Amino acid sequence: MGSTPNSFGLVLDAPGVRGRPVTALTKDGSSLTEFMQSTIFNRQELKEPFYVLDLGVVMSLYEKWTQSLPMVKPFYAVKCNPEPALLGALASLGSNFDCASQAEIEAVLSLGVSPDRIVYANPCKAESHIKYAASVGVNLTTFDSREELDKIRNWHPKCDLLLRIKPLDDGGARCPLGPKYGALPEEIAPLLQAAQAAQLNVTGVSFHIGSGATNSRAYHGAISAAKTVFDTAAELGLPKLHILNIGGGFTADPQFDVAASAVKAAIQTHFSNEPGLTIISEPGRFFAESVFTLATNVIGKRVRGDLREYWINDGVYGSMNCILYDHATITCMPLACTSNRANAICKGLRTHNSTVFGPTCDALDTVLTGQQLPELQLSDWLVFPNMGAYTAAAGSSFNGFNTAAIFYHLVYSNPN
Ligand SMILES: *Cc1c(COP(=O)(O)O)cnc(C)c1O
């Protein structure tokens with residue numbers, strides 16, 4: 001994917017990146033592994049887990065987005081992974097941001113991003129956070145209830161509003177959001193009228209088909225429903241709506257092309273006669289998932305017959321909380337088994353049925369079972385790819401294992 005050398009410069013100079021070492025990787029796929037091997041070799045006394053963030057992949061994904069959906073402005077959903085280098089890189093590439101709280105808004109503003117590049121896309125906000133948004137000039141938010149309109153009228157009456165609607169099809173999502181958010185069809189007219197009566201500016205519609213969607217058809221239904229809201233608003237005499245926010249739900253795999261086609265077709269069908277329309281989206285997983293790789297150290301081992309049980313120094317209360325909250329399926333592979341196979345990636349070795357436990361004293365803290373892994377020794381490393389979405393962001397410090405303390409190395413694989 002050809003990013004311009006220019007955007008490399010921008011990313012390397014981005015806030016959150018600037019001043020931190022960034023290692024260039026060569027093109028062949030083994031180099032991330034080599035980077036991690038040299039990292040553990042150079043820091044042999046350090047056995048703490050670490051992340052590697054590949055800024056080259058961030059750039060490729062951004063380019064992929066702009067090529068596939070040029071008419072849709074991305075607002076990266078900060079909750080997915082707020083690592084400052086990722087936020088800074090995305091900001092430098094031109095992304096906008098979806099924030100859900102005061103702290104997320106602060107994090108984005110501290111990068112030098114202007115407040116008009118933020119959508120405060122939490123339909124139910126604390127009053128103090130609304131006041132803060134008003135004070136810093138974040139002037140676009142979402143709502144799905146009268147009570148939210150009351151708060152906004154009191155604390156931020158000039159804010160532009162997107163009516164969040166509930167898509168009727170959750171797209172087979174791993175994490176459906178419909179049970180919690182989104183106005184029902186019969187609530188739409190009353191909410192628009194309530195906003196009108198309160199002299200608030202409804203400027204558009206938003207939805208989220210659910211995170212980790214597998215069925216792109218859901219975008220059709222949701223975009224069609226959004227169009228109905230535009231029509232209802234016009235019938236009620238509201239100023240013309242002009243923002244369509246299609247939310248998140250995208251994954252950075254071949255499914256993305258299917259989803260992008262579905263979005264484009266649905267926009268063509270339902271919104272081709274809406275001049276002046278701004279279309280925005282709030283991708284989280286799409287930008288964050290594949291760009292982070294996690295390396296963990298084997299800190300314990302037990303042998304029971306042919307079963308091998310390992311303890312590693314990150315787990316379900318840390319980065320792997322995604323197994324519980326994000327219904328994620330994760331995979332791991334051994335990295336340069338330091339014990340006896342200096343350079344190998346442990347390929348071609350006999351494998352054993354293995355269990356991988358996290359470090360806390362809770363049996364729930366089980367990362368993987370039924371894995372075929374070669375025999376590992378204490379101090380070997382297990383690597384988990386695709387660990388950027390809803391991982392470290394939601395980890396705790398339970399039992400004294402502090403997810404927030406995990407170190408991040410920055411690399412860029414050259415996408416040219
Ligand atoms: C979580 C969330 C997102 C990001 O969703 P992904 O599935 O990660 O793309 C976007 N918008 C809102 C309102 C969210 O709550």
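In this predicted model, helix α8 passes helix α9 in a right-handed crossing. Helix α8 comprises residues 185-197 and helix α9 comprises residues 217-235; their axes come within 10 Å and cross at roughly 45°.

From α8 come Ile188, Ala189 and Leu192, and from α9 come Val229, Thr232 and Ala233. When these residues are sorted by class, five are nonpolar, one is polar and none is charged.

A second pair of helices may now be considered. Helix α3, residues 55-68, packs with helix α10, residues 255-271, at an angle of about 30°. The axes of α3 and α10 are 10 Å apart, and α3 passes α10 in a right-handed crossing. On the side of α3, the residues that take part are Lys64, Trp65 and Ser68; in α10 they meet Phe256, Asp257, Ala260 and Lys264. Which classes of residue does the contact of α3 with α10 contain? Three of its residues are nonpolar, one is polar and three are charged.

The next features are found in loops. Ser95 lies in the loop that runs between helix α4 (84-93) and strand β4 (96-99). Is Ser95 buried or exposed? Its relative accessible area is 0%, and because a residue under 20% counts as buried, Ser95 is classed as buried. Setting aside residues up to four places away in sequence, Ser95 touches Tyr62, Pro74, Tyr76, Leu90 and Arg117. The position of Ser95 can also be related to that of Ala363, which is 268 residues apart from Ser95 along the chain. The C-alpha atoms of Ser95 and Ala363 are separated by 41 Å.

Another loop, between strand β15 (366-374) and strand β16 (381-384), contains Asp380. Asp380 is likewise a buried residue, with a relative accessible area of 0%. Which backbone atom lies 2.8 Å from a polar atom of the side chain of Asp380? The atom in question is the backbone nitrogen of Gln377.

Definitions and conventions: Residues are numbered from 1 along each chain as its sequence is written. This is a predicted model: local features need pLDDT of at least 70, side-chain atom pairs count only at pLDDT 80 or more; totals for chains, interfaces and linings use all residues. Side-chain values use heavy atoms; hydrogens and water are left out. Axes are lines fitted to C-alpha atoms, for helices over the stretch in contact, and angles run from 0 to 180 degrees between N-to-C directions. Helices (H or I, at least four residues) and strands (E, at least two) are DSSP runs, numbered from the N terminus. A crossing is left-handed if the near helix is turned anticlockwise from the far one by less than a right angle, and right-handed if clockwise. Contact means heavy atoms within 4.5 Å. Ala, Val, Leu, Ile, Met, Phe, Trp, Tyr, Cys and Pro count as nonpolar, Asp, Glu, Lys and Arg as charged, and the others, Gly among them, as polar. Buried means under 20% relative accessible area, exposed over 50%, partly exposed in between (1.4 Å probe, protein chains only). A polar contact is a pair of N or O atoms within 3.5 Å; within protein, one must be able to donate a hydrogen and the other to accept it, and residues adjacent in sequence count only if both atoms are side-chain atoms.
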